[in-house]
Amino acid sequence: MSTKKFKTEVQHLLDLMIHSLYSNKDIFLRELIANSADAIDKARFESLQNPDMAAEWEIRIDTDKEAKTIKISDNGVGMTMDEVNTNIGTIAKSGTKAFMKALEEKNASDSDVPELIGQFGVGFYSAFMVADKVEILTKRAGSSEPAVKWSSSGKENYDVAEAEKASQGTEVTVYLKEDMDEYLSEWKIRQIVKKYSDYIEYPIKMQVVKKGEDDKEEISEETVNSQKAIWLRNPSDVKQEEYDNFFEHLAHFGKPMKTIHFSAEGTSEFKALMFLPEKAPFDMFTPDNARKGMHLYVRRVFITDECKQLLPDYFRFVKGVVDSSDLPLNVSRELLQENAKMTMIQKNLVKKLLSELKKMQEKEPEKYLAFFKEFGKVLKEGIHTDYTNKDKLQDLAMFESMNNEPGKLITLKEYVHTMPSAQKDIYFITGESRNMLENSPHLEILRSKGFDVLFMTDPIDEWVAQSMNEYEGKKFMAVGKGEIELDEDTAKEVEEKNKKATEEHKSLLEFIKKHLDENIKDVRFSKRLTESACCLVGDTYDPGAHMERIFKAMNQDMPKTKRILELNASHPLVASMQKLYDKDANSPKLGEYAELMYDQAVLTEGGMISDPLSFSKRVSDLMVNALS
Ligand code: ADP
Ligand code: MG
């Protein structure tokens, strides 16, 4: 036998479980049953290749009123010594850390904890909410390695040793704490199983006491769950409460905001049950999104819960089950990747989801808005990655805009249908936050004309924007890039003014361009500005300043793209600089002012100036001059 120490974070977690005052302790049973069902799923899958592993699959619950124990057993895969040590002893999973952090942040109240336990995959440890000791006896299916006994009182250490066990599978024995007798009661166990584990497709068996004839007590064995795979039932026979429970089994926390249950017939035959969750999981944006959304079954046999091919990434928040009747049963996980039938299924699921979302958007706009606020950032990725469905995804996307109050989201349709008749294009601007964008000089002329501008403030929007070329025949136009196209009357007026100014200030423009050569590729008079003196704009196909900042934040190098400095022909600064230039073309002040203009333009778009010290020195000098 050897005694090992738990990792520090596991100790913390255990400490929390042991001392928890949380009210809903019932969920420990749900978690242990779920682990057993997972273990049988795995064994059943492996048994397709290795028939020796096949068994009459079952989960058992046994209580011992004297010893005050409740034991959950299964004949699933079991674990080897190594597996016990990695899966139970040390957990390398990021889940534990994230769980502890969430607890601290939330200042966890009673009701949060069961949710969090499920969400972060620390289910096994929840046994310590009711136990002062837990024992595991386990034997790996299809392996010649000896069985293993693990035990711990949830303090610093656990013991592991080789042991005897005749058959494959796992027994978890929970030694109940003093005041936890209720979990010995048949009624209580039934109630918990019914509530949380009824849909589990393996029988959950227990010994029950029945009054027989002449009032004699008889002991018999009973299956306490109904075992009905909920997705195979007729939707009209399933209550929402049953769906909710099943959702909790899949997602481990929260409720679904929408349930989509349907069957596909024809070229591809399958049943699907999909849920849009109410709340996003904590790891929605981590690359190895630990908890996958969709489970794949083939004719009721669990195949995998890591099936990336079932839904595209931009639907990774969808939870559910697909049960196919035409995939081969012994399909390997690798094979799934290039299976034409899988592609068909995916197409079908995506189509269904998109049409359900559209329906929700039209019929239940409030609900849709709540959905979009939670998952819009992910859904929008599809505009960039799924060319076939781009139009539908554009319809579903929503944005803030300049002419609407903060927080209000509008669709592209709403934008286009409220455009003044003089406006030709759809204007948008990308940046970190609404606050910053609102002050952008790029918006000035559009604001003065009453044209609306979409604010695109999610990091993904940079990519989304690149993929959106047109909506209802209207072009998308980045207000910070290229020559902005205005309505004809304004365009003519501004162009004439700028042409005149360009002739008048030819020498000054040349000077500025030469002086700022390292930072800019051109200087010109602006069609955008009505108030500010200057701003920076990119060429139409250059990456924007916001894109550069995103790459920088991801620690990725991106070659610096020089941009164009635009000046406001009506701003007095231009005339004053020209005057100075005419008086003394070699004045050192000219260069200083040009630098200041450039830095100002960088600052107004939320950028970082490269030399803040020189900038502030120039500003102070200016102030001194102005004051004296
Ligand atoms: P999760 O189930 O989310 O992975 P748990 O804390 O519930 O997290 O379980 C940790 C791990 O312990 C499981 O992933 C599994 O590898 C192993 N395990 C737990 N219970 C069993 C069991 N009954 N049979 C086989 N392995 C198990
Ligand atoms: Mg578990």
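How much area do domain 3 and domain 4 bury between them, and what share of it lies on carbon and sulfur atoms? The two domains bury about 1500 Å², 59% of it on carbon and sulfur atoms; buried area is the accessible area (1.4 Å probe) that two parts lose on being put together, summed over both.

This is a predicted model, in which local features need pLDDT of at least 70 and side-chain atom pairs count only at pLDDT 80 or more, while totals for chains, interfaces and linings use all residues. Residues are numbered from 1 along each chain as its sequence is written, and side-chain values use heavy atoms, without hydrogens and water.

The chain divides into domain 1 (2–223), domain 2 (230–365), domain 3 (397–478) and domain 4 (488–627), with bounds from an automatic or database domain assignment. The centres of domain 3 and domain 4, taken over C-alpha atoms, are 24 Å apart. Their contact (heavy atoms within 4.5 Å) takes 14 residues from domain 3 and 19 residues from domain 4. On the domain 3 side, Pro441, His442 and Glu444 lose the most area to domain 4, together 36% of what that side buries.

Two helices, DSSP runs of H or I with at least four residues, each supply at least two residues of the domain 3 side that touches domain 4: H14 (444–449) and H15 (461–467). H14 gives the largest share, four residues.

Between domain 3 and domain 4 the count of salt bridges is zero, a salt bridge being a side-chain nitrogen of Lys or Arg within 4 Å of a carboxyl oxygen of Asp or Glu.

Methods:
Chains are lettered from A and ligands numbered from 1 in the order in which they are written.
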